[in-house]
Structure formats: C-alpha cells, structure tokens
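Please look at the sequence and the model on the screen. I will go through the core, then some strands, then the aromatic rings.

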Amino acid sequence: MTNTTEQYDVVVVGAGIAGLASALSAHEAGARVAVLERAPAEESGGNTRYTEAYLRMKSEDEVSADFEDSLLGDFMGYPDPGLTEELVRDRSSWPSNLKAMHILDPEVVGTFAQSAGPTLGWLRGFGVEFGPTTTGFITTSTTRLAPVGGGLALVETLTEAATDRGVDFHFRTSARGLLRGDDGAVTGVTAVRADGEPVDFTGRVVLACGGFEGNAEMQARYFGGRALVCRPIARGGYYNKGEGIEMALAAGASSAGNYSLFHAEPQDPRSSQAEPAIFVFPYGILVNLHGERFVDEAPGPADATYEAVTRVINEQPRGIGYVLLDGKIDDVPTWQRAVRTDRPAIEGDTLEALAEQLEIPAETLRATVAAYNRACPDAGSFDPLRTDGLATTDLQPEKSNWARPIDTAPYRAYPITAANVFTFGGLKVDPQAQVVDRDGTAIRGLYAAGEIIGSYYTRYTGSTSVLKGAVFGRIAGAEAAKR
C-alpha cells in the first residue's frame, strides 16, 4: 500500500513557539508550509501553551547582561583542549570532530544573543506584546521580560497569524520518520493521522517537537530510576515523545546537551494544574520521608539555585521532600507568590501533629528541627529580599541564608517532587539551525528549533528556552525556505 503524499516546500514538526516561528518565517520567505502537531487544536503548542514564557532580557532589544556567559559557563565535562582551542579560528577551518562535538557551539550562542532582540521585534509584528513580569521568585539574579498573556498568548496569537496567512495545520498528526532522497538529503517526513492513516509530507523539514519528557521508556533509558518519580511540569509535556530526536539520530545527526539530565522544577505532586511550583523553601527547611534534612535550602537567589536543590529532592527516598515553615513566614512579603499550587498547606499546631499528617517519624523530625534551631545565628539581620548571609554554624548540611529557628505555630508543610520541564539532551545545530551529522556536516534538508536543540548540560540557564524556540524557529524557517 502506497502512503498518501502531501507536498510542501517546508514541513514543520511541532506547533509550540519554535514550530510557529518556523512556520511564519518560512511563509514570509515564500514557502508553502505544513505544520504537523500531535495534539488536537485545543491543546496544541506543547509546553509553550502552559508556560509563563519568561525571557532572559534586560529590554525588548537586549538580552540580559549575563546571557552568553551563563550559557557558555555551564559545565560541559572536560573536552579536549587541543580541539576546543580551534574555536577561536574561522568556523570553516574547524576540524570535523570539533563541529560534531557535544559541547555548546559558541557561534550558535552568539547568534542566539544577537538575534533575540530582533526576534522579539519580529514577533511584535504578529500582535505579540511584551513587558515586565512578576515571577514566583522573591530573590532573583537576572532580568526578565515575558509576553503579555504568557505562552498561551504566544500559541494563540501566532497560530491565528499563521492560519490567516495560509499555513496548513495538520492536528492529531504524529511524525514517525524522515524521508531521504537518493543523495542523502532529507526530503520530508512520514507521519500517521489520528485514524491511523499513514501520510508522507514532502519538503525540507524543521524538527520543533521538543524533548522526551512525555516518553517513560526514553526517560528510564537516560535517567534510570529517577524517571519514576518525576512527571512533566504541564500537560503539554506529555505530547513530547522524543521521536524527533530519535529519527534525527537514526539519520546520523550529532547529539548535544546532556541526555542524563532534565530541567528540574520543584512542584506540589498533589496538584493537577500546570506548573504548581513551590519556590518558598529558602525560608524554611527541607526534610525527607525519614524526617531528616538533606540539602542547603538557601545557597543563593531562588531563581539561580532552585534547580540544584530540586535535583537533590529527586534523589531522596521516593523522590519527595517536604518544606517546613512556621508562623514567621508571614514576615516574608508576598511569600504566597512563591507557592503556585492550588492545594493548601498541611498544617499542625505542633511539630508532632504535623509529622503525623506527613507520615514521617515525629521523634526524628523533632530532633532535626532542634538541631537546626541550635545552629541558627543569635545575631544578624534577616532580610528576605536579598541573600542576607544569615547562616547556620556547625550543621551539616548547612543553610547559607535566611536561617531562622522553626519555633512558632502554626507549622506548615508542602510536599515537593521534581517536575520534568524539558529534557537537556537533543540535537547539534549550526548557526543556521541546520542539524549537524557526526562528521560535522550539515544534513541537507533538516533543521531544528526549540527544546530539541541540545543546549544545557548541568543546569538550565533560566528564561532562555522559549526565547531559543523563537530565535531558532525564525532562523530555521527562513533557511529551510530559501534552500
């Protein structure tokens, strides 16, 4: 049986910010464009639909002061200095194994930084507005903007703009593999509609279909047992099954990013809402199922340290921790904005009553809190709006800031598990968003944008993911159309 064939100039896989930017950009360049989206129309957009879409910008024209340094300063292992020293030379003279190396390409980062401002200006042309935003972080380390209306506004505004311009959307259609010509170039994708009908979509391909946070098998393969105790941060993540990565790797694509890690965010596992984040733990203590502390709760500003803390929570028994707060939390202005769950705190008039509700040993919890209280400083000024240096002494693990005794009723607790916002492992691209093969050569006809590009290794450079989707989506669409 011969598959039905749909012919286009550019086929975009995924309808989040990366896919929508790709589609609009390719259409602007004169291409006939198809967008394939696994989700139904009302749930399209992957993670973008559910995120607040923070952007690491100091203004609509400039990225944050730490933008490139933060991305390139991520620990990427110990690459051979004999190769990496070649990065200062012209790209055309780089050896092939450097072009294919898993580390982040500094020229890609440079393109990212230089293109961010112009990309926001381009998006404004479709009706997207940007402005300052309130985050869930009481202390911060960088500057941010956001689209008015968040990621949902991005999806709805750009989907409407693309539809009005004649881009064809194929919802409930899942890409399964790449089509290749006799010369090795990618010529399209094979896909399956909701009724099981196989369809071949021909054209240059932009993979903008995210990572594999919705694929339990791939998570177990790369994360091991930790995969069991984390889930996608929002419903959109369940549509990200990783086929885009797998089909590109099968075609010889080079990988980038760290496949063994994901962007971890602390969430309330009791909640079914999107992103029920708990960022308030720097002002209390974290204990595990045994009633024991296990991490420095406040090593620095919340926005720069929450991921590292969440990873340690993920390593605890059953991947869960509890933040304990006492009545003095009300001294922290607007602390409630750091608690984004729709479920109430678990409360008790005594530690013993709280321990009973949490089903953790009351005697151990009482001893843990007593040891912590003894280690809190007698002097020093508590300042919840900056890292105040109010640290414990002679306590392991230490608490570096905001160390005050837990001694005032009512006692409150929230459970916290690690949410998988998106996966770090992905594909290597060049500055033109072309997917690079294992010999460092661009795979003709194949481009990538958004979370599927491997950009992170040991930590997420906050508020760059949506921006990466927009920037490289715009680049990928234009490049695919003109080639």
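A nonpolar core, as I use the term, is a set of buried Ala, Val, Leu, Ile, Met, Phe, Trp, Tyr and Cys residues joined through side-chain atoms within 4.5 Å. Buried means under 20% relative accessible area, exposed over 50%, and partly exposed in between, with a 1.4 Å probe and protein chains only.

This is a predicted model, where local features need pLDDT of at least 70, side-chain atom pairs count only at pLDDT 80 or more, and totals for chains, interfaces and linings use all residues. Residues are numbered from 1 along each chain as its sequence is written, and side-chain values use heavy atoms, with hydrogens and water left out.

The largest nonpolar core has 105 residues, and the members touching the most others are Val10, Leu207, Leu427, Leu446 and Phe472. Helix α12, residues 465–482, gives the most to this core, with nine residues. Helices (H or I, at least four residues) and strands (E, at least two) are DSSP runs, numbered from the N terminus.

What does Phe472 touch, not counting residues up to four places away in sequence? Its partners include Val108, Phe112, Pro431 and Ile453; contact here means heavy atoms within 4.5 Å. Apart from this core lies another, of 27 residues, among them Phe137 and Trp402.

Now the strands. Two strands pair if DSSP finds at least two bridges between them. Strand β1 (residues 4–13) pairs with strand β8 (residues 198–207) in the parallel sense, over eight bridges. β1 also runs parallel to strand β2 (residues 33–37), joined by four bridges. Val11 stands opposite Val205 in β8, and its bridge partner in β2 is Ala34. From β1 the chain crosses through helix α1 (residues 17–28) to β2, a right-handed β-α-β crossover. Right-handed means that, with the strands pointing away from the viewer, the path from the first strand over the helix to the second runs clockwise.

Last, the rings. Rings of Phe, Tyr and Trp (its six-membered ring) pair if their centres lie within 6.5 Å; planes under 30 degrees apart count as stacked, over 60 as edge-to-face and the rest as tilted. The whole structure has 20 aromatic pairs. Phe137 and Phe279 have ring centres 4.7 Å apart and planes at 55°, so this pair is tilted. The two residues are 142 residues apart in the chain, and both are buried. Tyr283 and Trp402 also form a tilted pair, 5.1 Å centre to centre with 45° between the planes.
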